[in-house]
Amino acid sequence: MNETTLEIPYEIPADAHNPVEPFLRMDRMPHIWCPGCGIGTTVNCFTRALLDSKADLDKVAVVSGIGCTGRVAGYARLDSFHTTHGRAIPFATGLKLSNPELQVVVYSGDGDLFAIGGNHFIHAARRNMDLKVICVNNLTYAMTGGQTAPTTPSKVISATNPYGVFEPSFNLVALAEAAGASYVARWTTYHVKQLARSMEEIFKKKGFCFIEVLSPCPTLYQRRNKMGDGLDTMKFYKEVSKVRHGARTSECELTKSGEIVVGKFVDRERPDYFELLRAQMTESLGDRYAEPEVSCSEC
Amino acid sequence: MHADPKGVLTGVHFLDGDHACCEGTLAAGARFAAGYPITPSTEVVERFAWRIPTVGGLFIQMEDELAASIAIQGAVWGGAKAFTVTSGPGFSLMMEHIGYAAMTETPCVFVNVQRGGPSTGLPTLPAQADMMQARWGSHGDYGIIALCPNSPQECFDLTIQAFNLAEEFRVPVMLMLDECVGHMTEKVVIPEADGINIVPRRFTHKSPEEFRLFEPQADGVPDMVKAGDGYRFHVTGLTHDERGYPNMTVDTQDRMVRRMQTKLAPLAGSRAFFEAEHLEGADVVVVSYGITSRVAQRAIELARQQGVRAGKFRLISAWPFPAAHIAELAARVKAFVVPELNLGQMVNEVERAAAGKAAVIPVTHAGGTVHNPETILKAIVEAAR
Ligand code: SF4
């Protein structure tokens, strides 16, 4: 992960240990994540994607909810917002609408985005709000000690299902597609190159984009289920993952130890919220329609 | 600074309180609203949705009140002046984000057109029973401002005031209407834009290298920035230091939480908003607010016709509570009579401020309609004995 042959448009400090340092709040290191946790890997991919896409970093904002992944906002040296549990998406909606030139990235966990925040997710997808949603899915509530999430597969042992999970889980990619997302992909933290490329792709795509990243929580998920440590999980991902671009999302369910279908499943053109708004207002109001100027530096 | 004329509907109008409040938001410079329908408040955003596309702004109907109350804060950090509108059940859902706004010192406005509660209660009928919830409803210690208009004209005027105070103090400001004030129709005079005073957001002049997002200025209030301007700032609901970084130490918690309350102190004292009448030589002072102050006015007049020396103290800002003024009055009057459309909320504050120096008499009402002026009159006359 250290080597990079890419042209770097940013000044890398001479004493930097890693080319991603300019993207991080180094004065906040060390981070809180456990050894073997996958969240840091996703952040590495994220910074690479920013680098490769030559994004204007002053115009990229990260919005997180609550949880281990929710802490990403605190480490990204960007305009960053650590909001309330489940509400990253509606906060991001307001931010994007008030300041449309911002690239607004929602970076949060599965519990945050799909349990307490599930309603917001489907509505933002329905509106095709121009948000880039990255969900680090560790299949559990990690920050609070490994309770069952809506993503936890059947038979898994969790803190709140000590005898095994029996509720069916969400298939996030199918949910995202059904709700209207313009772009849907899934990777694991083993697929660092593909993940970074996918992230770069969504920075360039308009509308509601969703990437699910399966990521180990060795501390609370793998250990409790005798699935080894972070490295064992990488081996597991490598073994069971099948790249199948364009696969039907309804056939991409996750199970405890079965196949993980990864790839880009949806990449479609739908008018985004702003385009729909403008079209409707122009149709109804003609010249009387005033383009929104929501943000103001003087008022 | 003067209002942006684009939003100002100058003229003499016949409007209800909800519509007047909407015109207030536009005159104040709000160009973003997020809401979720709920009686009896929805007219505010219905009018905004109708007006805003020709003014140049946005209304979005969110999926619930949780979403509406945080979407406005995203908009504020993007550089907007923003608000949401609701009533009891929705206000309960918004508590989480009133706390977030207090913690992150996000200037924004919450309009609550109060109806009878608890729970679904009386959807179409008035109450003033969310007054304590406005102050204390979110967990933790924090401070907010709450204003209580008693007419459509004040719905317009105080809405502008609410936005101005939100900017000045970087707090969420509640506009506590009630169903009667929201739905009563009266004359509303909207001045020319250059006759409306607007407090602009106090953006920092410092460079990104020097700037610290939560460093208080002389008035205890930190300067603002907005996303996209190169400050690369961090906002969190966690306890944070002046840089905005999470810092969960006892010292930081104490410093931050205390400042969030003390920055509002001027509004409890010299800058409290209230309306007083006949306080000179008064034996009994009626303390009321919102629609109840209109009923109390009648009771005060009747009492005075009977020779009772009754005075009026109308709370315009319920929070911060003007405790110093009540304490000063308590030393020279016999009693306070406190009618309100609840079973006793602001009366407790009056009692606290009076500190036993004058009697404090609640005139309670569970809501659904307004008091009978005779009931308040009876309380005044008895208190004067
Ligand atoms: S608890 Fe799990 S998800 Fe959280 S930091 Fe540790 S390994 Fe990562």
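In this predicted model, 43 residues of chain A are in contact with 49 residues of chain B, two residues being in contact if their C-beta atoms, placed from the backbone, lie within 7 Å. The elements of chain A that each supply at least two residues to the side touching chain B are α2 (72-75), β2 (79-82), α3 (88-98), α5 (118-127) and α10 (273-285), where helices (H or I, at least four residues) and strands (E, at least two) are DSSP runs, numbered from the N terminus. The most is given by α3(A), with eight residues. By class, this side of chain A has 18 nonpolar, 14 polar and eleven charged residues; Ala, Val, Leu, Ile, Met, Phe, Trp, Tyr, Cys and Pro count as nonpolar, Asp, Glu, Lys and Arg as charged, and the others, Gly among them, as polar.

Residues are numbered from 1 along each chain as its sequence is written, while chains are lettered from A and ligands numbered from 1 in the order in which they are written. Local features need pLDDT of at least 70 and side-chain atom pairs count only at pLDDT 80 or more, whereas totals for chains, interfaces and linings use all residues.

Strand pairing, for which DSSP must find at least two bridges between two strands, is found both within chain A and between the chains.

| Strand pair | Sense | Bridges |
|---|---|---|
| β1(A) and β2(A) | parallel | four bridges |
| β1(A) and β3(A) | parallel | four bridges |
| β2(A) and β10(B) | parallel | three bridges |

In these pairs, Ser64(A) stands opposite His82(A) in β2(A), Val60(A) has Gln103(A) in β3(A) as its bridge partner, and Ser80(A) stands opposite His234(B) in β10(B). Strand β1 (residues 60-64) of chain A has five of its five residues buried, so it is largely enclosed by the rest of the structure; a residue is buried if 20 or more other C-beta atoms lie within 10 Å of its own, exposed if 12 or fewer, and partly exposed in between. Val60(A), Val62(A) and Ser64(A) point one way from β1(A), and Ala61(A) and Val63(A) point the other way.

Chain A as a whole has ten helices and eight strands. Its radius of gyration is 19 Å, close to the 19 Å that the globule rule gives for 299 residues, so chain A is as compact as a globular protein of that length; the radius is taken over C-alpha atoms, and the rule is 2.2 Å times the number of residues to the power 0.38. Buried residues make up 51% of the 299 residues in chain A.

Of the 205 residues in the largest nonpolar core, those that touch the most other members are Ala61(A), Val63(A), Ile144(B), Ile145(B), Val286(B), Val337(B) and Ile380(B); such a core is a set of buried Ala, Val, Leu, Ile, Met, Phe, Trp, Tyr and Cys residues joined through C-beta atoms within 7 Å. Domain 1 (5-195) and domain 2 (274-384) of chain B both give residues to this core, so it lies between them, the bounds coming from an automatic or database domain assignment.

The centres of domain 1 and domain 2 of chain B, taken over C-alpha atoms, are separated by 26 Å, and their contact takes 22 residues from domain 1 of chain B and 21 residues from domain 2 of chain B. On the side of domain 1 of chain B that touches domain 2 of chain B, the largest share, four residues, comes from α5(B), and the classes there are 16 nonpolar, four polar and two charged residues.
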